Amino acid sequence: MSHVFCMVNCNNFYVSCERVFNPTLQHVPVVVLSNNDGCVIARSNEAKALGIAMGEPAFLREQFFRKHGVRVFSSNYALYGDMSRRVMQTLAQFCPSMEVYSIDETFLAFENPRPGELTALGRQMRATVRQWTGIPVSIGLAPTKTLAKIANRFAKKHPQYEGVLDLTAMTPAEVESLLDRVEVADIWGVGRKHTRMLKSFGIHTARHLRDAPADWVRKRMTVTGLHTLLELRGRPCIELEDVAPDKKAICASRSFGKSVTTLFELREAVAAYVSRVAEKLRAQQSRAGRLQVYILTNPHKDVPQYSNAMQVALPRPTAHTPELIAAALGLLERLYRPGYVYKKAGVMATQLEPETPRQLSLLDPPEEEDARRMALMTVLDRANAKWGRGTLSYAAAGLDRPWRMRQASKSPRYTTCWGELPVVG
DNA sequence: TCTGGGGTCCTAGGACCC
DNA sequence: TCTGGGGTCCTAGGACCC
């Protein structure tokens, strides 16, 4: 049995989501900013053509945006998350094995396809997603995930492929000349450090890496680098993760929208983040054995710097918000130093373990207390799911939250909020 | 006074991903 | 005024045990 991996990637996903609900954004430069309106994290083709780079700080480009009529949006994750779900549901109809890899990417695995059949199927998938969701996608097919990613890039970048490229339908010589045109930096799994290292040894393209000695790569780039090399040779090492494994760490962190100096404000922020972590723990039916809190000043600014983290083993694994808030605030008291301007705080839960199902009849008193507390958490989660995040929250997390992130240019939550539905007429 | 080896578990740090 | 957030995996090294 052999299968062909398929990578489906949404083109300029966040921008495409904005365009679905706002036709005036077609054919003009559009960018979407990160949380806190910090830097550029999505660009339309027109914005790319203007030379706007991924990750550029937005405040350095404000003049430029105005001058070139660039339409700027804060990120709207309620919208993008919902659109992503629609795209994935559409794709799932074409293939039983699917791994949703990120908000805008998914792998599919086709078993024993007939030669050449997948290009046509890819075209059909692409047209269907476009028609049902409004989102344009590109599709790459190959014998390994790493090669499917490469095929996907070509499908997206070169219009002659009409959005679909199947490496299994090409000759070895054709694949080779394609790998000649891929820089090592653009290979999935090769980052900045390894790029610099490889180039210093004269390895510049995917073909060079494919043909490098395996044991040398193993030594220099660990076993993950070896897997990349083997996958470039067409030997699958990275399997499809059909069922998403439980997360091993869950965190929540944010930069502040305004400067924060007092312990009071930090307490509110940390309590809010830890509430979020607790929700995620319960959503995965896990409890945390350890909790970490960190705070830091703005490393980009020329001000006195302080950054520190502390963690604690919890008395018992828990997903109970008040217990976690108490632990986090205890850590914060010890971390806090007055006299600094804080920019960011974060909370991370680790040593997660599954919430064990309990038999009600066998409860001893402490477990009964535990069950009662978790029942309250369930009520809270249901209310927040139904009426929106933050409907019920702990007072420790603050009310007006002046430290909240900035989102000056957010579009409506067109699809997930009754009050923000687009009006036709 | 000086001297082992083998194994496990945990954490920190680095590299990577989107 | 102003530079994102949330994860994974691998390895080295320390602590501890026999």
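Tutor: Buried means under 20% relative accessible area. This is a predicted model.

Student: What makes F21 count as buried, exposed or partly exposed?

Tutor: The value for F21 is 22% relative accessibility, so F21 counts as partly exposed. That class lies between the limits of under 20% for buried and over 50% for exposed.

Student: How many aromatic pairs does the structure hold?

Tutor: There are 14 aromatic pairs. In one of them, the ring centres of F21 and Y414 are 4.5 Å apart and the planes are at 10°, so this pair is stacked; stacking requires planes under 30 degrees apart. F21 belongs to helix α1 (residues 13-21), and Y414 to the segment after α13 (365-387), 393 residues apart.

Student: What makes the pair of Y101 and W188 edge-to-face?

Tutor: The angle between the planes is 80°, with 5.7 Å centre to centre. Centres within 6.5 Å make a pair, and planes over 60 degrees apart make it edge-to-face, so both conditions hold.

Student: Which parts does the pair of Y101 and W188 tie together?

Tutor: Y101 is in strand β5 (residues 98-102) and W188 in the loop between α7 (172-180) and α8 (192-200), so the parts tied together are 87 residues apart in sequence. With a relative accessible area of 38%, Y101 is partly exposed.

Student: How do you know that the charged end of R61 sits over the ring of F64?

Tutor: The charged end of R61 is 4.3 Å from the centre of the F64 ring, and the distance limit is within 6 Å.

Terms used:
Residues are numbered from 1 along each chain as its sequence is written. Chains are lettered from A and ligands numbered from 1 in the order in which they are written. This is a predicted model: local features need pLDDT of at least 70, side-chain atom pairs count only at pLDDT 80 or more; totals for chains, interfaces and linings use all residues. Side-chain values use heavy atoms; hydrogens and water are left out. Rings of Phe, Tyr and Trp (its six-membered ring) pair if their centres lie within 6.5 Å; planes under 30 degrees apart count as stacked, over 60 as edge-to-face and the rest as tilted. Helices (H or I, at least four residues) and strands (E, at least two) are DSSP runs, numbered from the N terminus. Buried means under 20% relative accessible area, exposed over 50%, partly exposed in between (1.4 Å probe, protein chains only). A charge sits over a ring if NZ of Lys or CZ of Arg is within 6 Å of the ring centre and within 35 degrees of the ring normal.
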